[in-house]
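Please go through the structure below with the text beside it.

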Amino acid sequence: MRDAMPQSIGIDIGGTNLRAARISGNGEILKRVSEKSAPDPGLVLGRIADMVRLLDTPDVKAIGVGVPGRVDAGRGTVLSGGYVNLASVALAQRLEDMTGKPVVIDNDCNMALAAEMALGAGRRHGNIVMFTIGTGIGGAVAQDRRITRGSATAGQLGHITVDVNGEVCACGRRGCVETTSSGTALGRHIARAGLGADISVDQLFARDTAGDIQARGVLDAWAKPLRAAIDTAVAMLAPDVVLLGGGLGRAAHAALGRAPALAPWYQCRVEPAQLGDDAGVTGAGLQALAGELHTSPSAQSSRPRRAVLVNGIPASGKSTVSRGIADRMGWPQLALDTIKNPFLELLGGGDRLFNRTLGRASYQAIWSVVGEAPAGTTFIVDAWFGFQPREVLEDHLRKAGVERTFEIWCHAPGEVLAERYGARLDQRPAGHPGAAYIPELIELSKRAEPLRRGPLFDVDTTKPIDFDAITAWLRATMAGGA
């Protein structure tokens, strides 16, 4: 059964606009509002507070804010900003005091990339570089589907140097790609070409197509430094894909067609992001619900470990479900067979009694690993939990410091399980039950039940697995304290 999804408020602070939306657990925008941005941090904070009041309801469980500039997401503090500098404002604390709800903050491009990974152009990629082209240029990096932060603020791709003698940047250095290829920079290129401040980027492309040399020069001056920055990021990070987001992301992608990558070593596919201006608020809302960013190191160390119990009898499809969740959420995955099979291979197998004994030892090993992990870690545990008494599991959970569990129940009819199990007999190490186990498996399928320890999500593995629904449920349920 599926519990009602809690909601969040996602806020995206830009140099031109402030956007906010109420977000459902699956990333749907339920209501949105916007205001003009401003360089004055106090004015920006007041406008954000007004937007939150318009969106807030009892269903809203958390608030996420994407902030331009350098943000220490772990501590919930803004270290510096560019066009909107909120370093002097205790943004998270002020919003928490006002609403009584937890607030997470992160760099605005990190939030946008989180949304693209969940719902947009990054859904099927593990290693991603993203540039957001707007008033300034934001950057974010994901490796193995986890945002890269380094010591706190990694991913400031807008400050890759493309001209050491170039324009002075807001960061204090010269020639950052933000000074050449942002929306603000495009305006400077247009002004220097004498084309008039009211010309749009679409008009620039139309003039270029018609052979206008000045329009072509503007687009070249805007796109070529961005290509150099992209090539640098590709050389450093070797991503699967580079995404271009923000209000001018699609235009920048089109302009790059005139500035192809030249270095044969540093080729990578470049694609426009898919969520447009909604990426920032959606990512901020989803990150707030996921509860993966915390306000202080002390808060992190006090958080209990969590376990997603992917439960089901042999051949029920739980391994496929576990891998899919791990790929999308970035959580470590532990499975009985992962621990047990190397022993069976090295020892040359054994009888069924030995297999059961080794299974119990592997079960204990899983929870020992969980107990040694940092506080606040979420694990995916793939097992048929019915093979051991319930009190054994409870003892393991207690010793491992796991307070919250979330169960994914995988199942299929007995005849389907029999066919799956039989098809894999030659793939299993010696020591696993053979074909004689299949009638027993069919009978087990008739009486097997989920643990019902905490929230439960049912997966019929004879149907296409809806990983988006599973991960949205996990984010929402974890955020809701169920």
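Which strands does helix α2 lie across? In this predicted model, helix α2, residues 91–99, lies across β1, β4 (60–67) and β7, and runs at about 155 degrees to β7.

These strands belong to an open sheet of five strands with mixed pairing, in the order β3-β2-β1-β4-β7. At its edges are β3 (29–36) and β7 (103–107), each of which pairs on one side only. On average, neighbouring strands of this sheet are turned by 15 degrees against each other, direction ignored. Within the sheet, β1 (residues 7–13) and β2 (residues 17–23) are antiparallel and share six bridges. Asp12 stands opposite Arg19 in β2. Strands β4 and β7, by contrast, run parallel and are joined by five bridges, and Ile63 has Val103 in β7 as its bridge partner. Although β7 is an edge strand, five of its five residues are buried, so β7 is largely enclosed by the rest of the structure.

Another helix, α9 (residues 278–290), lies across β1, β2, β3, β4 and β7, and runs at about 135 degrees to β1.

The next topic is the packing of one helix against another. Two packed helices are described by the angle between their axes and the distance between the axes. For α1 (residues 41–55) and α2, the axes come within 11 Å and cross at roughly 35 degrees, and the crossing is right-handed. On the α1 side the contact is made by Leu45, Ile48, Ala49, Val52 and Arg53, and on the α2 side by Leu91, Arg94, Leu95, Met98 and Thr99. Of the residues in this contact, seven are nonpolar, one is polar and two are charged.

The loop between α1 and β4 contains Asp59. Is Asp59 buried or partly exposed? Its relative accessible area is 42%, so Asp59 counts as partly exposed. Apart from neighbours within four places in sequence, Asp59 is in contact with Pro6 and Gln7. Leu441 is 382 residues from Asp59 in sequence, and the two C-alpha atoms are 43 Å apart in space.

A further open sheet of five strands, also with mixed pairing, has the order β10-β9-β8-β11-β12. Its edge strands, β10 (146–147) and β12 (270–272), each pair on one side only. β9 and β10 run antiparallel and are joined by two bridges; Gln143 has Arg146 in β10 as its bridge partner. Helix α7 packs on this sheet, where it touches β8, β9, β11 and β12, and its direction makes about 155 degrees with that of β8.

In soluble globular proteins, nonpolar side chains tend to be buried together. The largest nonpolar core here has 36 residues, of which Phe131, Ile133, Leu204, Trp222, Leu226, Ile230 and Val242 touch the most other members. Elements that give two or more residues to this core include β8 (128–133), β9 (137–143), α5 (183–193) and α6 (201–209). Helix α7 supplies the largest share, ten residues. Leaving aside neighbours within four places in sequence, Phe131 is in contact with several residues, among them Ile137, Leu157, Leu226, Ile230, Val242 and Leu244. A second, separate core has 27 residues, including Ile13, Leu18, Met51 and Leu55.

Key:
Residues are numbered from 1 along each chain as its sequence is written. This is a predicted model: local features need pLDDT of at least 70, side-chain atom pairs count only at pLDDT 80 or more; totals for chains, interfaces and linings use all residues. Side-chain values use heavy atoms; hydrogens and water are left out. Two strands pair if DSSP finds at least two bridges between them. Helices (H or I, at least four residues) and strands (E, at least two) are DSSP runs, numbered from the N terminus. Axes are lines fitted to C-alpha atoms, for helices over the stretch in contact, and angles run from 0 to 180 degrees between N-to-C directions. Contact means heavy atoms within 4.5 Å. A crossing is left-handed if the near helix is turned anticlockwise from the far one by less than a right angle, and right-handed if clockwise. Ala, Val, Leu, Ile, Met, Phe, Trp, Tyr, Cys and Pro count as nonpolar, Asp, Glu, Lys and Arg as charged, and the others, Gly among them, as polar. Buried means under 20% relative accessible area, exposed over 50%, partly exposed in between (1.4 Å probe, protein chains only). A nonpolar core is a set of buried Ala, Val, Leu, Ile, Met, Phe, Trp, Tyr and Cys residues joined through side-chain atoms within 4.5 Å.
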